[in-house]
Amino acid sequence: MRVGIASIVLAVLLFTGFRSVGTLPPLGKLLDPANGVWATARAADLPPIESGSIPGLHQTVQVLFDDRGVPHIFAQNEDDAYRALGYVSARDRLFQMELSTLAAAGRLTEWLGPKALEADRATRTLGLPWGVERKFAAYDRKSLGYRAMTAYSDGVNAWISSMKRQDLPIEFRLLGVAPFKWEPVNSIHFFSKMALTLGFNDASYARLAAQARVGRAAADALFPINSPIQEPIQPNGLFAPRYDLAAIPAPGAPDSRATVAIAAQKSLIAALGIGKPNADGDAIGSNNWAVAPKRTASGHALLAGDPHLDLTLPSIWYEMHIVIPGKLDVAGVGFPGVPGVVIGFNRNVAWTFTNTGSDVNDYYMEDVDDASRPSRYRVDGKWLALEKRIESYHGPAGAVLHTDTLYYTHRGPMTKLNDKWVSMRWTAYEPSSETDNFLKAGYARNANEWLDAMSTFVAPTQNGLVADGAGNIAIRSAGHYPVRPGDGRGDVIRDGSLSSSDWVGFLPVSKYPFAMNPPQGFLASANQQPVDPKVNPSFMGSHWYSPWRAIRINQLLRGDSAVTADAMRKFQTDPGSVRADAFVPRFLAAAAREDSAGRADATLREAAKLLSEWDRQYTKTNRRAVLFDKAMTELASRTWDELAPPAGSHDDPTATEYPESQILLELMETPNSPWWDDHRTRNVTEDRDAILSESLSAALVAVKKRRGDPAGDGWLWSNAQPANIYHLARIKSFSALGIPIVGGPGTLSPSDTSGKQGPSWRMVVELGPQVKAWATYPGGQSGNPASPRYTDRLKLWANGELAPVLFPRTPNELPPNRVISNLTLHPQ
Amino acid sequence: MMLRVVVKFLLLSEAFAVATYAVGWWAIPLVALVCGFVMNREGRPIYYATICAAAGWLSLLLLDAARGPLGEVASRFGGVMGFPPAALIVTTLIFPALLAWSASSLGVVIRAKFFGAREMTPANA
């Protein structure tokens, strides 16, 4: 009996020890305190002194880690510096680097098996890996970027091959996979994924969807090429925003051609796995600004960088400082997996970016020889051969899970829509050398040299802001802008059978949005339309984010003629909202008018009273922003009800894309516009005041229902809209959720209800004789969840504070009490 | 007598720890099987294997704790497994204990089969 029980117990334990059961990984490897998960505790802290070796290293490299976990790399040449960077990046972020590579290359199945197949198929159908291979093949083998990617790769692989048992990141253990060998091309994969995140602008989708419901004239007004409120990146000589508010045409008849086109686009987007384009523009977005010496208290140029991206643990950024005596001395953040600093500063120059959001991708309806198995496509009557690729998807054990046949025209990948084939051209497929651009930027001695380094940047288009020690400030929206034939618009599906549909080139750099040392003494960008169309009417995109953040930062900078670095820091978490300033008075006025007309009920009166108590500041402790935000949501759905799918439709009403809130403001000028009428209410014709009042009342009812008494903590902004920073694999216990933060839709630190996007890196740099910088990001330098350096920056970040950045010229300049680890890397 | 027990306990615990460190978790049933086979019944092989396997892993855990934030690992990893941190540590000790108990039990049976009734005589006790 006892033998039988023992045998069963042993069999069960051996089985669960060796094999995963359900979602549980193999328990033996995992629980083993010498080799399993527990061992990662031993790698949580950096050893005070250590050494390593990297094949190909020419000379010894010293890496000092300061108490913020930042590696200061002192090398004698570039190749050695990037080898060392690869080594330390892999030590801190190996899982993140490899996961990002697999995701961008459409190879997640190799770790996750069949459940990742659809994501991988979408990535490959979209042509991301295909584009990367083209870029890599075209990369100049003698370029700094290529050398750096190769050296970086050597460093990563040196770390992988020298890892001790405790060094394998916990995520690999949980997944039961091993790290793969790093390749230089992986760095380009990362940029490709960033191009998808930032440079895949499908504004045409929203406009076409609206056109299908309310006709072209109305759709063009709701999703315009030009913002009705102009506060452009390239200063237009005005000292205030310009409101070009025009009457919006009444909803017209549905456009059947657009209905067909939108069905095609929806299928295309679904086939490409891109999901719903364009999130709420008020809730996301990056900022940057620079102030010339004449408007700073110190008399030196100041620059602030504040890129907003998905918030993850570990962070998308890795902070570093690289010194090559007499040649390079650059600090800042880069992407784990990519050599070099992307946003940062050197002894003379500081720089940062926001996303331009220009329209750089187009679709073409192709004419193919065989709808089911095409081999050729026709252009100007001539048949051209299609490029054909067999894509294989492998499982963790190497078995082929699935194969796809993909086709490419000279424009890009083709996707089948029913019996039609549509190809896509996108600047992200074009040969480019982003690594070179960023690396060369680090060598710039002044703003002009920095602008030169970024002049060949391709994708995604970025508003690159630079300031230098001589007091120059400049901004240029760099990247390839396609020049289209005809009206130049990029928001239509073109006829692929004609070469005249193709792009005719790219805008020359001299035509990029640009400003240097403007008379106003400062420059700012916040994803708004870069150029006032009255200055340059060229098509660069459409459906721009509302310029609330741009207006706010311009307000703050115009109002301060002696800006300090600390003021720059405070601006980054300024709770003021131009959006609230624009809409709250309108809600209150409408409620007052309804009240005086005897149409207000107790709910409306209470809602108006509560809203009037708000100072329009998105502070953590305010209890009224939650009411305003809900009222804005109600207002949009009631006003734009004509855009929602009709009753009985199979379309998802929550997928309806509404115009930006600046269009709502435009509509306010016409109190009796037919747009205000809620066609869902029969026998009643609402006007502006009625809809504003109904929205406010409905918001109060909804917020009370969800959050209780208006005086209670449920209404606190810190509880209503905290930051939620998920681990890359969405493991909850590796995540930091419910972090109270300042800011909301339309503020300089915007957020949405998911809390998953936000300020990914905040930096302020003063370009005096001694460059001073302050910075932080949410998370920490280490990717090891057990490490104290995993979340050590979170509190600072959540409080809107920044840490001084150490910037020593030599190892000896780093205060010994600030050094936590000294790594010496030797040639092997 | 007491000293002999302590020495035996320490040696066996470290045998489990060293074997785990050098070979991996599956060294536990191997060592326990050998224990059950080599030690005679009066030496209480099952008892010692069970206790010492857990103690061996405990010593490894203590080594981990001395060199890093074990509590943080317990907290984070416990979250993944859906266990409170303390329960995860207990599980980590029960796992080798059960492995050792079951393997040493089999070792004892194999020994009995191998040596037969000879070992059961009072003279051999």
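**Note on a predicted two-chain model**

1. Helix H7 of chain A covers residues 144-162; at 1.5 Å a residue, its 19 residues should span 27 Å, and its end C-alpha atoms are 27 Å apart, which agrees. The expected span is 1.5 Å times one less than the number of residues, and helices are DSSP runs (H or I, at least four residues) numbered from the N terminus.

2. The model is predicted: local features need pLDDT of at least 70, side-chain atom pairs count only at pLDDT 80 or more, and totals for chains, interfaces and linings use all residues. Residues are numbered from 1 along each chain as its sequence is written, while chains are lettered from A and ligands numbered from 1 in the order in which they are written.

3. H7(A) is largely enclosed by the rest of the structure, because 16 of its 19 residues are buried (20 or more other C-beta atoms within 10 Å of the residue's own, C-beta atoms being placed from the backbone).

4. In chain B, the axes of helix H4 (residues 70-81) and helix H5 (residues 85-115) come within 8 Å and cross at roughly 90 degrees. The axes are lines fitted to C-alpha atoms over the stretch in contact, with angles from 0 to 180 degrees between N-to-C directions. H4(B) and H5(B) are therefore roughly perpendicular (65 to 115 degrees).

5. Contact means C-beta atoms, placed from the backbone, within 7 Å. From H4(B), Gly71(B), Ala74(B), Ser75(B), Phe77(B), Gly78(B) and Met81(B) meet Pro85(B), Leu88(B) and Ile89(B) of H5(B).

6. Between the chains, 33 residues of chain A and 29 residues of chain B take part in the contact. On the side of chain A, H1(A) gives the most, with nine residues.

Definitions and conventions. Helix = DSSP H or I, 4+ residues; strand = E, 2+ residues; numbered from the N terminus. Buried ≥ 20, exposed ≤ 12 C-beta atoms within 10 Å, placed from the backbone. Parallel < 35°, antiparallel > 145°, perpendicular 65-115°, else oblique. Contact = placed C-beta atoms within 7 Å.
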